[in-house]
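Please review the structure shown below together with its sequence. The briefing that accompanies it is arranged by topic.

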Amino acid sequence: MKIAESDLIINPDGSIYHLNLLPGDVADTVITVGDPDRVGEVSKYFDRIEFKKGKREFITHTGFVGDKRVTVLSTGIGTDNIDIVFNELDALVNIDFETREVKKDLTSLNIIRVGTSGAVQPDVPMGTILASSFGLGMDALMNYYIHELSGDERSLLDDIKIHFAHLKNINPYLTSANDVLLNTIGKDMEKGITVTAPGFYAPQGRQVRAKNAVPDFIGSINSFKSNQNRITNLEMETAGIYALAKVLGHKALSVNAILASRVKLEFSKEPNKIVEKAIKMVLERI
Ligand SMILES: O=P(O)(O)O[C@H]1O[C@H](CO)[C@@H](O)[C@H]1O
Ligand SMILES: O=c1cc[nH]c(=O)[nH]1
């Protein structure tokens, strides 16, 4: 079936609407980062850069680490941007731009996020590099997509819904990391459930001047337990990445550079060093 011009928007130069990339520009291994300035911090370790492109907050560098072709791409902040990045990445590899039809042979990308995050457990200090075993979305993105849960995801989400029943008007969603990526790139890293929030301040339990409607948000997050699973950290993209990757048949892992301890009320004085450590660990393991 031909995808409408209004649904899949191709720029006059043949590139996709927001990412400004052509089919063929995306490597099978994609590193996503939130901050556009972090793209160069990753690609500075490439042995060769093939090209640099960008539009808005979506900066892309594709190049080689040894013989391996790698794309690093910034998503900007939030799962609304993840909606754009993941649909467009998928279209670039799985839709024929000439016929506007889905290709017969689908490509499954390996997608690794290198992001920053705040820890909610006292034994997860600043400086930790943490791999998200699950992404738990408190945002609304997945209300708009049909997505199916595995048995494990379903039973964990049932426990989560009971624990967070006091949070009105929130319909949490949960997706696991890709097992292979979790056990290779995430090997020996701290692991835990990552909560993806639809904001940085009150949606992550922060209070500056505007008053918080949810009392003790951090307390209700770090007290959740189901078998060996606990919530370790908060950020703004992982759950959307895991859920859309699964819907579209890609493999995803989120690696978090822990910059803040929300229970010790600390924020790192050297955030770049922690991010650098996460970048190097991921590049050594891809
Ligand atoms: O450092 P990045 O990857 O942007 O990730 C985290 O930092 C931003 C908030 O400061 C949010 O995007 C959050 O998820
Ligand atoms: O606490 C934090 C730190 C980084 N990014 C977030 O979203 N939250």
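This is a predicted model: local features need pLDDT of at least 70, side-chain atom pairs count only at pLDDT 80 or more; totals for chains, interfaces and linings use all residues.

**Domains and annotation**

- Contact between the domains involves 21 residues of domain 1 and 21 residues of domain 2.
- On the side of domain 1 that touches domain 2, at least two residues each come from strand 1 (29-33), helix 1 (36-43), strand 4 (68-74) and helix 2 (79-94).
- Helix 2 gives the most to this side of domain 1, with five residues.
- The side of domain 1 that touches domain 2 has ten nonpolar, six polar and five charged residues.
- An unreviewed UniProt entry places the feature "domain: Nucleoside phosphorylase" at residues 30-281.
- Over residues 30-281, the chain is 28% helix and 33% strand, and the end C-alpha atoms are separated by 15 Å.

**Surroundings of ligand 1**

- The residues around ligand 1 are Val33, Gly34, Asp35, Ile77, Gly115, Thr116, Phe200, Glu235, Met236 and Glu237.
- By class, this shell around ligand 1 comprises four nonpolar, three polar and three charged residues.

**Surroundings of ligand 2**

- Ligand 2 has around it Thr116, Ser117, Gly118, Phe200, Gln204, Leu234, Glu235, Met236, Leu259 and Ala260.
- Two or more residues of the shell around ligand 2 come from each of strand 7 (110-119), strand 12 (229-235) and strand 13 (251-261).
- Strand 7 gives the most to the shell around ligand 2, with three residues.
- The shell around ligand 2 is made up, by class, of five nonpolar, four polar and one charged residues.
- Thr116, Phe200, Glu235 and Met236 are listed around ligand 2 and also around ligand 1.

**Strand 1 and its partners**

- Strand 1 is mostly covered, with four of its five residues buried.
- Strand 1 runs parallel to strand 4, and five bridges join the two.
- Within this pairing, Ile31 has Val72 of strand 4 as its bridge partner.
- Strand 1 also pairs with strand 7 in the parallel sense, over four bridges.
- Thr29 has Asn110 of strand 7 as its bridge partner.

**Loop residues with positive phi**

- Asn169 is not a glycine, yet it has a positive phi of about 65°.
- Asn169 is placed in the loop between helix 3 (151-163) and strand 9 (173-176).
- Asn169 counts as exposed because it has 5 C-beta neighbours inside 10 Å, the cut-off for exposure being 12 or fewer.
- Asn227, also a residue other than glycine, has a positive phi near 50°.
- Asn227 is found in the loop between strand 11 (225-226) and strand 12.
- Asn227 has 9 C-beta neighbours inside 10 Å and therefore counts as exposed.

Terms used:
Residues are numbered from 1 along each chain as its sequence is written. Chains are lettered from A and ligands numbered from 1 in the order in which they are written. A residue is near a molecule or strand if its C-beta atom, placed from the backbone, lies within 6 Å of it. Ala, Val, Leu, Ile, Met, Phe, Trp, Tyr, Cys and Pro count as nonpolar, Asp, Glu, Lys and Arg as charged, and the others, Gly among them, as polar. Two residues are in contact if their C-beta atoms, placed from the backbone, lie within 7 Å. UniProt positions are given in the numbering used here, feature names are shortened, and annotations may be inferred rather than shown by experiment. A residue is buried if 20 or more other C-beta atoms lie within 10 Å of its own, exposed if 12 or fewer, and partly exposed in between; C-beta atoms are placed from the backbone. Two strands pair if DSSP finds at least two bridges between them.
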